[in-house]
Amino acid sequence: MTSQFIPVEPFDYVVFGGTGDLAERKLIPSLFRRFCDGQIPETSRIIGAARSNMETGEYRTFARKAIDEHAPSDDAGQIAAFMELLHYVAVDALSERGWEELKSLLGKEDKVRAFYLAVGPSIFGPIADRLDQHGMVRDRSRLVIEKPIGKDLKSARELNETIGRHFREDQIFRIDHYLGKETVQNLMALRFANTLYQPVWNASFIDHVQITVAESIGVEGRGSYYDKAGAIRDMMQNHLLQLLCLVAMEPPASIDADAVRDEKLKVLRSLKAIDAGNAAQQTVRGQYKAGASGGEAVPGYLDEVENDLSETESFVALKAEIETWRWAGVPFYLRTGKRLPARVSEIVIEFKPVPHNAFGDAGTDMKANRLILRLQPDEGVSQSIMIKDPGPGGLRLRQVTLDMSFAESFDAHAPDAYERLLLDVIRGNQTLFMRRDEVEAAWRWIDPIIEGWLAAGVKPAKYTAGSWGPTASIALIERDGRTWHEGET
Ligand code: NAP
């Protein structure tokens, strides 16, 4: 089966921070792959913008290296054609330098114009201000911003206000790249394109849900940012809550952006509050100490961030509850952390056990059905079911796993999340992007947890780098008679 690639209309993509890590590892390689599949017309332009003094030729050399490293290709013709799309303008977000040059390069043609802010969040506002002051924001302009969108509700509101003065909400694309992953969209397909799951997608049939986003790396070069944020702001407020919303939302009337985002918003608003009164019971904070990763000794968090007094968590686990008829009594266990044993992101839907064992002794090992959606490292969907163990000798039961991703049926590689999201911006499709009210609702739920930690004195418990977090995280789920899913089916 061959995938279908529908070209988008010609565009100008201005990448502020065009010389940075995100542009190099993700944005340029992703745009190149879409170009190779014929989705990007040759009259489009990709304009790198940053303070560094650079000619367009030098920028193309930078982009060429990024492609060689992150999207290697033997097709010299396609690489050369893609290079023609690239331009560079030296622009400083915090001064007048370069803005008129950028304006004149963009010209007057009425193309879709996307401004991707691959820069630190402190200059999102100044860039939006200057784009408008210099008359570059037009009806068909779009603004793309990356996390972090604020560090609490107040700062998120201020940022949304600032950009909202220059861009309409339907022009603003808040990226959460988890939403661009194939498996996450497959979750919507499984839920809403099959009759199979919908009738059992509720508290009568689902025992609990687990969402794990584990990283094996430490804070790497992000120490100064990370130490101010911690796992709850960096991962829980956005990626994990977004995944929870997609599992828990009611079927939308359509997959149009607002229909989906309205349903996600309702989930966020139905989360039972966690605050000083219950933060110690419902959440676990952790911070790694020295240990091992991939067989090598690694330093602890405090050494990595060079702050002996830091009380920032590099791990958080929590038990969320959704106060609706559908989900009453179904816990959602969420955990994320750094320096865990593996890089794995997955959603596990654990169904209830069968109400009666009709198989006597042969049924004592009966396991509840599980639907597992793996986002990384290998994207895929699997469903565990019980079957009769094939062969003679009486009826014995066995658990088997059905692979439901069917990735091998497609000859195209699974696209990187950014490939889809970058072109959704051009198409003007906001379904996989966060709306302002969603981001703010997520902070409205997260802020009291952080305040509750402070008020109740909940400090991060130490865990050894390379382990699955503090023992309290295991206790969080085991005291409910459940266990974290760790690799087995
Ligand atoms: P980075 O490597 O530090 O790059 C920052 C870029 O911003 C550079 O191109 C820098 O170039 C430019 N810049 C800095 N100050 C500027 C100014 N005053 N005017 C114009 N350009 C300026 O950062 P990054 O890792 O690419 O991250 C960029 C954004 O994406 C951040 O908000 C980050 O949180 C977010 N993000 C990154 C990743 C990732 O994988 N890297 C993932 C998710 C989110 P000059 O120094 O030449 O100006």
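Trainee: How many bridges join strand 7 to strand 13, and do the two run parallel or antiparallel?

Mentor: Strands of a sheet pair through backbone hydrogen bonds, in either a parallel or an antiparallel sense. In this predicted model, strand 7 (residues 206-214) and strand 13 are antiparallel and are joined by eight bridges. Within this pair, Ala214 stands opposite Val344 of strand 13.

Trainee: In which sense does strand 13 pair with strand 14?

Mentor: Strand 14 (residues 370-376) is paired with strand 13 in the antiparallel sense, over six bridges. Here Glu346 has Arg374 of strand 14 opposite.

Trainee: In which sense does strand 7 pair with strand 12?

Mentor: That pairing is parallel: six bridges link strand 7 to strand 12 (residues 332-337). Gln210 faces Tyr333 of strand 12 across this pair.

Trainee: In what order do the strands of the sheet stand?

Mentor: The order is 16-15-14-13-7-12-11-8-18, giving an open sheet of nine strands with mixed pairing. Strand 16 (397-403) and strand 18 (461-464) each have a single partner strand, so one side of each lacks a neighbour in the sheet. On average, neighbouring strands are turned by 20° against each other, direction ignored.

Trainee: Are the two faces of strand 13 covered or uncovered?

Mentor: In a regular strand, side chains alternate between the two faces of the sheet. For strand 13, Val344, Glu346, Val348 and Glu350 are buried on one side, and Ser345, Ile347, Ile349 and Phe351 are buried on the other.

Trainee: Which strands does helix 14 lie across?

Mentor: Helix 14 (residues 471-478) lies across strands 7, 8, 11 and 12, at about 10° to strand 11. Helix 13 (residues 436-456) lies across strand 8 and strand 11, and runs at about 115° to strand 11.

Key. Residues numbered from 1 in each chain as written. Predicted model: local features only at pLDDT ≥ 70, side-chain atom pairs only at ≥ 80, totals over all residues. Heavy atoms only, no water. Buried < 20%, exposed > 50% of the residue type's maximum accessible area, 1.4 Å probe, protein only. Helix = DSSP H or I, 4+ residues; strand = E, 2+ residues; numbered from the N terminus. Pairing = 2+ DSSP bridges. Axes fitted to C-alpha atoms, helices over the stretch in contact; angles between N-to-C directions. Contact = heavy atoms within 4.5 Å.
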